[in-house]
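Please keep the sequence and the model in view while reading.

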Amino acid sequence: MLLFSTDIDGTIFDGPETAEIFANFWQNLQELPKQPLLVYNTGRSLDDVRALIRETALPSPDFIIAGVGTEMFEQAKGKVIDEWNAELSGHWDFETVHRLVSAQIEDIEAQPDECQNEFKCSWFYYDKSRDDLDRIGELIESAGLEAQVIYSSNRDLDILPRQANKGNALRWLAAWKEIPLSRVAVAGDSGNDSSMFLVDDTFGVVVSNAEDALVSAVAGGNAYLSEESCARGVIEGLSRHLGLDTQSLSNETHAQG
Ligand SMILES: [Mg+2]
């Protein structure tokens, strides 16, 4: 494994305890002959992830993919990766999307600024049908833009460039770092993680607390369904994948803790 791309919430983190468990495990992995890169791949905004890293025991990653694939950040350089922004820019224009939706869709409310970025136009849109969503898709297409309309919790509507998702961002980053996808592993717990699991040969860990949407999306692929939940489930799955002795790892973790 040369790169590990993991969701945060519900996957390696659900509070201070899981943050420490994962941090200890990752610390132990630093003794591998070739240290894997750590990538957080999350729906949270970039600012939000950076604050979380400062405030918890979560280890500092090499890269952050934030806003479901719409922002990419290189931690060591402390800067956004502009090349990924350039990838997303074709057939996309935030101002146009925002203007069209504001002007032509009823009962919709823009989410707060911190939930938006140049490549993520997010709204509150309560209890809508597939037809309502299709109408928004057609409206955006009619302006010559290529977007995806993602609806969750019967409330949150995200409009993103068509190629923006966790999996495409990961695929691009691996190519940029010249890491073969067969040496990449992923982990997640919810539907928007499925695109990471569907990246070619990648091995994936589905934690036991995962949503059914993820479990069914990855069925038949190269995924391991863990018995344990959250960070413990990730450790279980990665330990198997890497041929590590989970018992000795958790003992070490315990001894350090
Ligand atoms: Mg999650």
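Which residue of S11 is the bridge partner of Ala185? The partner is Phe203. This is a predicted model, in which local features need pLDDT of at least 70 and side-chain atom pairs count only at pLDDT 80 or more, while totals for chains, interfaces and linings use all residues. Residues are numbered from 1 along each chain as its sequence is written.

Strands S10 (residues 184-188) and S11 (residues 203-206) run parallel and are joined by four bridges; strands are DSSP runs of E with at least two residues, and helices are runs of H or I with at least four, numbered from the N terminus. Both strands belong to an open sheet of eight with mixed pairing, in the order S5-S4-S3-S2-S1-S10-S11-S12, where two strands pair if DSSP finds at least two bridges between them.

| Helix | Angle to S3 |
|---|---|
| H2 (residues 46-55) | about 135 degrees |
| H6 (residues 166-176) | about 150 degrees |

Elsewhere, H4 (residues 94-104) packs with H5 (residues 130-141) at about 130 degrees, their axes 10 Å apart. The two are therefore oblique to each other, since angles under 35 degrees count as roughly parallel, over 145 as roughly antiparallel, 65 to 115 as roughly perpendicular and the rest as oblique.

The chain is divided into domain 1 (3-86 + 164-256) and domain 2 (92-161), with bounds from an automatic or database domain assignment. Their C-alpha centres lie 28 Å apart.

Definitions and conventions
Axes are lines fitted to C-alpha atoms, for helices over the stretch in contact, and angles run from 0 to 180 degrees between N-to-C directions. Two residues are in contact if their C-beta atoms, placed from the backbone, lie within 7 Å.
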